[in-house]
Every structure is written in structure tokens, then in C-alpha cells.
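Colleague: Please go through the aromatic contacts of this model with me.

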Amino acid sequence: MKKSGVRWIRLQFCNPFGLLHQLSIPAEEMTKDSFIDGFPLDGSSILGFTEIDKSDILLVPDSKTFVILPDYFDSNTNDGQNYSPKAARMFTNIYNGYGEGRFSSDSRYIAQQAEQYAKKNGFTKSYWAAELEFFIFDKIQSNSQNSSRDSKLNLPQVISKEAPWVSSNGEDVIHLKRGYYRDSPSDTLTNFRDEVCDTLKKFGTRTIAHHHEVATAGQSEVVLSYQDLLKMGDSFVTGVKTIREIASKRGMVASFNPKPMPNDNGSAVHINQSLWKTKNNKDYNTFYDPSDKYAELSQTAHYYIGGLLEHARALCAITNPSPQSYKRLVPGYEAPTNIAWGKMNRSVSVRIPAHHKKRPENKRIEYRPPDPTSNIYLVETAILLAGLDGVKKKIQPPDPVDVDTYKLSKREMRRLSIQKLPTSLKEAINAINSDKEFLKPVIGDDFLEMYLRHLV
């Protein structure tokens, strides 16, 4: 801090529902003792934290997450001011006051516990990657600004120079469900995503790629490279923050709504994962088995998939925690509605990517239901717990499905033992209330009860 001339420290943490909060500390107030004593927080003012009579908790900076912020972060450019003092960011570990240990509703702490639980089950490490989808709009138009003609036509309330209801640029317009991998000038956000990815490098987050997604009106995807569970959670939160900051700087609007337009694809957060062990001082991917002719999957991977499918309905309360989530989970828009798995198949909940053969380092499982309204730390934790439950109980999944499940009849669905994901948040909450034992090694009843109470 002294060498870099940082003047302010932004201490950041998420509430249980993924909303990022921040406390700013003058650099001169940050001492060595600060990393032990922390800084006070009124927990009763944070949704899902504490009651008013037990409100004193502490934010303890995590020095491993120290990063100097780009100049435009946290500067308010909308009121004519542009004051950007040199600042740095640190995530925090949250503690109860009066020396009573870690705060159990800190979702980052829950993620740390999940990593330890995987190690207790014999896995040296786990790797996680996330595909972060979002929209960038030029503007969001309120109902009062809509003309009566627009209202009758039920036109979207978003303004984007890419969209056919705004632009008349002929071939450069992106029509509904025609945006995937489009090039410029149709894709107007290539430079925007370049800036996002270049900024994330400054935070130590590597991106594999970025591109325009399927929907019109500025849908984009940034693919975060694999890291361990906690670091991926931190990187994801940083990614969302970065996208919002850069959009604000450019006078645009970032939307993480899972389904902002009813007739086009929604935004997901596809989670890729693998479990590793160490043998003879070498790490190996426990999901890989070259002798498996279908998808080079080990028995461990099959059991893990079995756990994901067994608990898929319950998982939705964590991976899809908003009413808007269930407007995305409908047939025909590449969002999963059916509880099944398969190689290459994007119509199922669990997809096995299969671009190459004989790549043990790349063998992974992709879980497709989650969306950006979720808390990434809880999502990773719940998915891991479901998979490990499958490994522990040796839950064998049904046969893989290699057809478009949207086109299956009810009779074919029954024959293939395919159930459906919840169609509403209420249904998801009912599912997790009747299937929560798999969460208990890390997520206790008190936290889950609080979490569900605030969802409705």
C-alpha cells in the first residue's frame, strides 16, 4: 500500500443473495492490526445477516485479494464530477463480534468450508470455470416513455443500436436468436468486452474468450478461466462489478436479468467443474477415464452426475433464486428444462463438453441451470455438495440422452426417466425444503431457513 501510494481501501463482501457491498477505509487507517481486528459492520442493515439485537460483526480484510483498482472504478461520472483517487480493493472474511469466530451467513466463508469438505472427501482440489452472460443496453425506457403503438406491439423496453426494433441498418441488425458469434459492425460491443477482459487481467483473472451471445440487443458472454472454488467466486463477483463499472463509464446499462426479453434467449451462468486428486506427487483429474467409450468419464464422474440430477430440483432454489429465473427456464431458448445429461447436448441440465478426445486436463462437467441472479459462492457450494453426495452414495445416473429433449413426447420422457426442473420459484423452494440433507455438511438449517424466508 505504501509503495503504490494507495489512498483508499475498498473492503468488499456479498450478502447471502449475491449483492456486493463496500466499506471505504483511508489508507492511513489500515494497519497490521486491521488484518486481525477488522472493521465494524452493522449486520442488521445487511439483508440476511443479523437481527438488530445481534448486530455487531467485523470485516477482516483478506490480504490475498489486494488489487489496485483502475482509475475509473467507483468514480461518479454522472454528476459532472470525476474525482478518482488511487484506491485498492480487498475482499473480506466476516467474523462475529466479541471474539465469537466466523460469521456463518458469510457466503464466502461457506465457499471456504465447501473447499475443505471436498478435501475431507479425498479430493485435493477442485477446478471451476464460469460462462458469464449478460446484456449491455444503450438505455432502458420506462413505461411512460413508450408510445401507445409500442405498448400495443409489446415491444421490449430496452434500447440497443443492435436491435431490429431500434435500428434500420439492414444486414447489420441482429434479429431474435441470431446473435451468436456475430462480428462487427453487427456486434457493437467487441471493444467493450475487450476492455472488460483487459481490466480483469489487472485483478489476476484470466479470461478464455468473449463473444456476442445468441440474443439481440447486446447479449454478451465472457468466459472466465478455471480456478479453485473460492477464487472463481471472487473472480465472478469482480467480473460483474467490472462489467457494471465499464458500462456506467460508457453511459450504458448492464443487465444481469435472466430473461429481459420474452421472445429471445436469456442469460445463464454455466458452471464447469472437475475434481482432482494427487498421486505420486502428481495431480490427476478424477473425472477422466480413457476407457469409457461414451465420453471418457470415470465412475466418479458418473456418480457426481448422479448427485447433480438427484438434487437438481432442490438446487434451483440456489442456482435460480428469482421469479425472473423461471421465465428463462422454458423450452426453445437453449435453457434447460429437463433433468437429464448427455455429451454435447445443450437441451439437458448436465452437459459433457466433448470438443476433443484424450484431453484429461479438459474433462469436466457443465451444469447449465444457474443464472446471474444467484450468489456464485452458494451456487458453487451447492453444486459441489450435490455432486459429492452422488459420489458418497454411489448414485448411478440414468442413461445419457443424445436427442433434443425439447422435442420428446411425455411418453418418451417417462421411458427415459426424465423429470422436469421447477417452473416457478415457489416450486423450487418446496423442492429444497423436501431435499436439503445433502447441503447440511456445509449449509446448515438456520442459514437455509433465513435464505428461503427472504426469497418469498
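Predicted model: local features only at pLDDT ≥ 70, side-chain atom pairs only at ≥ 80, totals over all residues.

Modeller: Residues are numbered from 1 along each chain as its sequence is written, and side-chain values use heavy atoms, with hydrogens and water left out.

Colleague: How many aromatic pairs does a search of the whole structure find?

Modeller: Rings of Phe, Tyr and Trp (its six-membered ring) pair if their centres lie within 6.5 Å; planes under 30 degrees apart count as stacked, over 60 as edge-to-face and the rest as tilted. By this criterion, the number of aromatic pairs found is 11.

Colleague: Which class, stacked or tilted, describes Phe-134 and Phe-256?

Modeller: The ring centres of Phe-134 and Phe-256 are 6.0 Å apart. Their planes stand at 40 degrees, so the pair is tilted.

Colleague: Are Phe-134 and Phe-256 buried or exposed?

Modeller: Buried means under 20% relative accessible area, exposed over 50%, and partly exposed in between (1.4 Å probe, protein chains only). Both Phe-134 and Phe-256 are buried.

Colleague: Which class does Tyr-180 have, exposed or partly exposed?

Modeller: Tyr-180 forms a stacked pair with Tyr-181, at 4.4 Å centre to centre and 25 degrees between the planes. Tyr-181 has a relative accessible area of 54% and is exposed. Tyr-180 has a relative accessibility of 43%, so its class is partly exposed.

Colleague: Over the ring of which residue does the charged end of Lys-259 sit?

Modeller: A charge sits over a ring if NZ of Lys or CZ of Arg is within 6 Å of the ring centre and within 35 degrees of the ring normal. The charged end of Lys-259 is 3.6 Å from the centre of the ring of Tyr-333.
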